[in-house]
Amino acid sequence: MSTLHHDISHNPENIPFFESVNMNFDKAAALLEYPKGLLDQIRACNSVYYMQFPVRIQGEVQVIQAWRSEHSQHKLPCKGGIRFSDMVNQDEVMALSALMTYKCAVVNVPFGGGKGGIKINPKNYSVEDLERITRRYTVELIHKNFIGPAVDVPAPDYGSGAREMAWIADTYTAFNGREIDAIACVTGKPIPQGGVRGRTEATGRGLFFGVRETVNDVELMKQIGLEPGLQNKRIIVQGFGNVGYHSALFLAEHGCIITGIIEWDGAVVNPNGLDIPALKKHYDATGSIKGFEGASFIEDGNSVLEYECDILAPCALEAQINLGNAGRIKAKIIAEGANGPVTAAAEPILLQKGILIIPDMFLNAGGVVVSYFEWLKNLSHVRFGRMDKRFDERGNHNLVSMVEKLTGHSLSAEERSMLTRGADEEDLVNSGLEDTMISSYHEIMNIWRTKKNVHDMRVAAFISAIDKIAVSYYQLGIFP
Ligand code: NAD
């Protein structure tokens, strides 16, 4: 097995993940003037619930271990995914919940940070087993008040998806049937169960918007010696799951050349570019990227992290770029799709080499941004666009007809439909996501460019987060 999750025994630096997050926090905190007590409170992990519960699996009772961590309740609800993996541990869940706190602040989503983990390998269980485990986990959360639309709202993460979120929503509503907003207890649900269109691809789409904004930054590209623009950027992606696949797809659709995809069982490479939709078809049919025609297969997948490229996008797991390989990374930009893919110890080596790291807490925030939209949709009990789509279309039609009359020029049916179309839910979700990623990018860059002693984008992103969280604490009146 590869270095799945943050298993300390596999981590060449031997630094626990939560400590690694805090090392980055401390670099930013050292540049700020806040009282020590306030900074200590922001970085501390407030509540961690460890649970064990019995579940009957194929006639035998198994004791399952699980966690839910609420790093910060400075804004409520807490928000963060649930990981299903046999490598989950308390340190990892705490670290990931801390990253959620900072991520929400960076992209102006009014939530505290949370994260959950169930210590199982989902591949070893039937769908019925997984349903029993997920429902029982939800009941534990309900009993200890670690779930609810105003308290803590989970979402999918590594090893879980819309199906698990539907089970959670159903269990929660069964216990809280008279709560009018019950369905907002979890996000990432299937559309018929209260999900929002655009959530599944949101993290990859957000990564695409973030990378596009970065490579269009002429000054920054000059600094790292890259031509501005997405066109013909050569990209290697690690992970072909939700984040990796969608990131590769959107980047390829906008002129990038995906030269390598790395999975746990090897990598496929093609210097002329991989056909991402065809690779996805092959992956879905066979369960692997192995055997894909039109590419060379590399057994030692992780060696491809060290190949020449413009952008390396690690979108699988944490600690993938570490002291063991940092010195050999040749990419000009590392686009962090996964949470914590670069270790704190490896980062200085990469920065020294002039590599630009676009940090996770900004770049992979698309999922939580669209989760926020789903939560808003659930609270408002109405689909985005339902009230105004037709109204806007009618107005646009009137305008176009007026222009046609005044100019004497008639539009084709296709042109008319393009100009008059009203926005539906997916248009609005994608537009909100795009706006969020663009404005957050400029907030971070403004800090990087104007604040003294800020030397990289991660420190700038941490400062952006800490500033906003500090304001919340001052508003709560806890700190004078
Ligand atoms: P996923 O389970 O859909 O996909 C992960 C992929 O990585 C799988 O295809 C898996 O086979 C592959 N993989 C596992 N070990 C690997 C290895 N050693 N080398 C290469 N590939 C390997 O998970 P996901 O939702 O895409 O999440 C990936 C990362 O992105 C995680 O760090 C997660 O916390 C983070 N993230 C996810 C979201 C989201 O909305 N899903 C949002 C923010 C951050």
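**Ligand site and helix packing**

A: An oxygen atom of the ligand sits 2.5 Å from an N or O atom in the side chain of Glu 263. That is a polar contact (a pair of N or O atoms within 3.5 Å; within protein, one must be able to donate a hydrogen and the other to accept it, and residues adjacent in sequence count only if both atoms are side-chain atoms).

Q: What kind of model is this, and what are the ground rules?

A: The model is predicted, with local features needing pLDDT of at least 70, side-chain atom pairs counting only at pLDDT 80 or more, and totals for chains, interfaces and linings using all residues. Residues are numbered from 1 along each chain as its sequence is written, and side-chain values use heavy atoms, with hydrogens and water left out.

Q: How far is the polar side-chain atom of Thr 203 from an oxygen atom of the ligand?

A: The distance is 2.7 Å. For Ala 316, a backbone N or O atom lies 3.4 Å from a ligand oxygen atom.

Q: How much of the ligand's accessible area does the protein cover?

A: The protein covers 90% of the 830 Å² that the ligand has on its own. Accessible areas come from the Shrake-Rupley method with a 1.4 Å probe; for residues, only the protein chains shown count as cover.

Q: Which helix and strand each supply at least two residues of the shell?

A: Helix 8 (242-253) and strand 7 (257-263). Both are DSSP runs numbered from the N terminus (helices: H or I, at least four residues; strands: E, at least two).

Q: Switching topic. How do helix 8 and helix 9 pack?

A: Their angle is about 155°, with axes 9 Å apart; helix 9 is residues 276-286. Axes are lines fitted to C-alpha atoms, for helices over the stretch in contact, and angles run from 0 to 180 degrees between N-to-C directions. Helix 8 and helix 9 are therefore roughly antiparallel (over 145 degrees).

Q: Which residues meet there?

A: From helix 8, Tyr 245, Ala 248, Leu 249 and Ala 252; from helix 9, Ile 276, Pro 277 and Lys 280. Contact means heavy atoms within 4.5 Å.

Q: And helix 15 with helix 16, at what angle?

A: About 105°, with axes 8 Å apart. Helix 15 and helix 16 are therefore roughly perpendicular (65 to 115 degrees).

Q: Where is the cis peptide bond?

A: Between Leu 76 and Pro 77, with omega about 5°. Pro 77 is in the loop between strand 2 (60-70) and strand 3 (78-84).

Methods. Angles under 35 degrees count as roughly parallel, over 145 as roughly antiparallel, 65 to 115 as roughly perpendicular and the rest as oblique.
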